[in-house]
Amino acid sequence: MEATSKNEQHLKKRMYWNKLIDRATPYIFISPFYLLFIGFSLFPLIFAGILAFSQWDGIGEIEFVGLENFLRLIGDDVFWLSLKNTLIIWVVQTVPMLLISLIVAYIINLSVIKNKEFYKTTLFLPYVTSVVAVTILFGLIFSNQNGLINALLQMVGLEPISFLTSPFWVRIVIAAVGFWQYLGYNMIIYYSGLAKIPNDYYEAAIIDGANKVQIFTKITIPLLKPIILFTVMMSTIGGLQVFAEAQILVPSNATAEGGSLTIVYYLYHTAFMQNNYGYGATISWGLVAIILVFSILNWYLTTRRIKGEE
Amino acid sequence: MKNNRLSAILIKGTLWLGVFFSIFPFYWMIVMASRTNSDIYSIPPVLTFGKELVKNIETVLTSTQFFQATLNTLFIAVVSTTLILFFDSLAGYTFAKLKFKGRQFLFVFLLSTMMIPGQLNIIPQYIMMDAIGWVGSYKALIIPGMVNAFGIFWIKQYCEGAIPNSLLEAAKIDGTTVFGTYWRIALPIMKPALAFLAIYSFMGAWNDYMWPLIILNDPEKFTLMLALTQLQGLYFTNYPLVITGTLLATIPILLIFVFFSRQMMSGITEGAVKE
């Protein structure tokens, strides 16, 4: 008698454990993400918040300085210069890139075009290359002394241009790197958006007597608007974080070179070259604030569109 | 008629111009890699292949840590891709197919973490790596990135559509454990989604620059992208060698793309273009 009750107890215990394990399993399966997030994102994020109010060279004591870093940021000409550079590079790169990629996507989507896969694949190719390789390549194409572009300029009797040392031109070259690399990426996104627009819409418009321009502006663009906004947002976030292009093209001293100093380059320089981690953290908060402003702007535009349609 | 022909030429012309600008830098890269240093000073510029390609490749591979850097990068990329595939697919599957309290909240939380810009984390994360002694170690490159919200989201979306619940129930009745069901039944079905995630993660690890630049300090441990910039510093007067290195670092990723281009492109658009 006693043996069976013991067995029963044992069985109960095991069932209890099995149930508990069953309950816990999903949490165990998803836990790596949350553990890593707490350890390597949340904790550093809080630390970044504290750092922004401190002075620290990475070795000595962390010294709390209150709002000093933020006041310095507001009055920091170099920071505003880096913001100006970043925005110029972003506009010069993004506006023509998105326009042209939309046009190219529109053309590839036309029914008369054969070999669509070939065009799509070829134009997408630059996207998979690394920004480092592309920048080195473009650095040589635009090189001051013997770059390809300057050789061509000299061939037709023009003066060579100091692409990499002139603040004006270096921004253009940095923008060109991104333009070349991400044109195909945006084109592919536009293309799949275009391909999903039902043909009936176009046919109906043609019956109503709409011309090609009207069809494009009245049907294609409005239906593509969410996708356009997506690409604008992605390009904005990417554009505000430009670093490698600038750092590789002008590796010596960014602050002296004017045009190539982007916000993230300035952040990198302050924190890791000058070991000023506190102020570096403040710069990164400045960057986050700017990204936030653009995101809210984008969000506002998106929701207004939806309200307008209803 | 005339108008039509003109627009046809314009359309084709635009496309071929696009193709030319996409391809030309690659072509020029091979041209430069096959030339001597003195060739590139000539005006008009050289635009045809030379005979120095093999010699340049030999120089790059032997005179620097380039070969070592390639192995290093391969190691980092393979390990982190494997870890990402495992942890992301496990979590994605769990969110898609297992029932548990707080699932909705945890998932929304996971998605919202994607909005935190990476740059904000770089300084404190570096300081943290320094504190735990991971600066200079691959652990700092691999561990923080071995699970990511994007991949989990991606797998979850795929599992919801691709894995029938009846199949999972049948496995349960047969006595398969929860993990066994994931491993033996769900994982094979996820293959197409895993393929995209694998290419995407591998490319990310292969091409990463800023974080390795901050973390690694020993040239022996440099990744390919760091070795490339180092090569530029070492041979800044010998452009063909720098370009040869760039070519060597680009070829593997191009090959992967050639084999998986369709998967890659449809994967990219999946995130942007919703029905």
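**The interface between chains A and B**

In this predicted model, the area buried between chain B and chain A is about 7600 Å², and carbon and sulfur atoms give 82% of that area. The residues that take part in the contact are 87 from chain B and 81 from chain A.

**Polar and charged pairs**

- Between chain B and chain A the count is one salt bridge, and A:E117 forms a salt bridge with B:R262 in which the closest N and O atoms are 3.9 Å apart.
- Seven residue pairs are counted in polar contact between chain B and chain A, with both residues at pLDDT 80 or more.

**The side contributed by chain B**

- Helix α13 of chain B, which spans residues 239–272, supplies 16 residues, the largest share of the side of chain B that touches chain A.
- Sorted by class, that side of chain B has 65 nonpolar, 17 polar and five charged residues.

- On α11(A) the contact is made by A:V264, A:L267, A:A271 and A:F272, while on α5(B) it is made by B:Q119, B:I122, B:I123 and B:Y126.
- The residues of this contact of α11(A) with α5(B) divide into seven nonpolar and one polar, with no charged residue.

Key: Residues are numbered from 1 along each chain as its sequence is written. Chains are lettered from A and ligands numbered from 1 in the order in which they are written. This is a predicted model: local features need pLDDT of at least 70, side-chain atom pairs count only at pLDDT 80 or more; totals for chains, interfaces and linings use all residues. Side-chain values use heavy atoms; hydrogens and water are left out. Contact means heavy atoms within 4.5 Å. Buried area is the accessible area (1.4 Å probe) that two parts lose on being put together, summed over both. A salt bridge is a side-chain nitrogen of Lys or Arg within 4 Å of a carboxyl oxygen of Asp or Glu. A polar contact is a pair of N or O atoms within 3.5 Å; within protein, one must be able to donate a hydrogen and the other to accept it, and residues adjacent in sequence count only if both atoms are side-chain atoms. Helices (H or I, at least four residues) and strands (E, at least two) are DSSP runs, numbered from the N terminus. Ala, Val, Leu, Ile, Met, Phe, Trp, Tyr, Cys and Pro count as nonpolar, Asp, Glu, Lys and Arg as charged, and the others, Gly among them, as polar.
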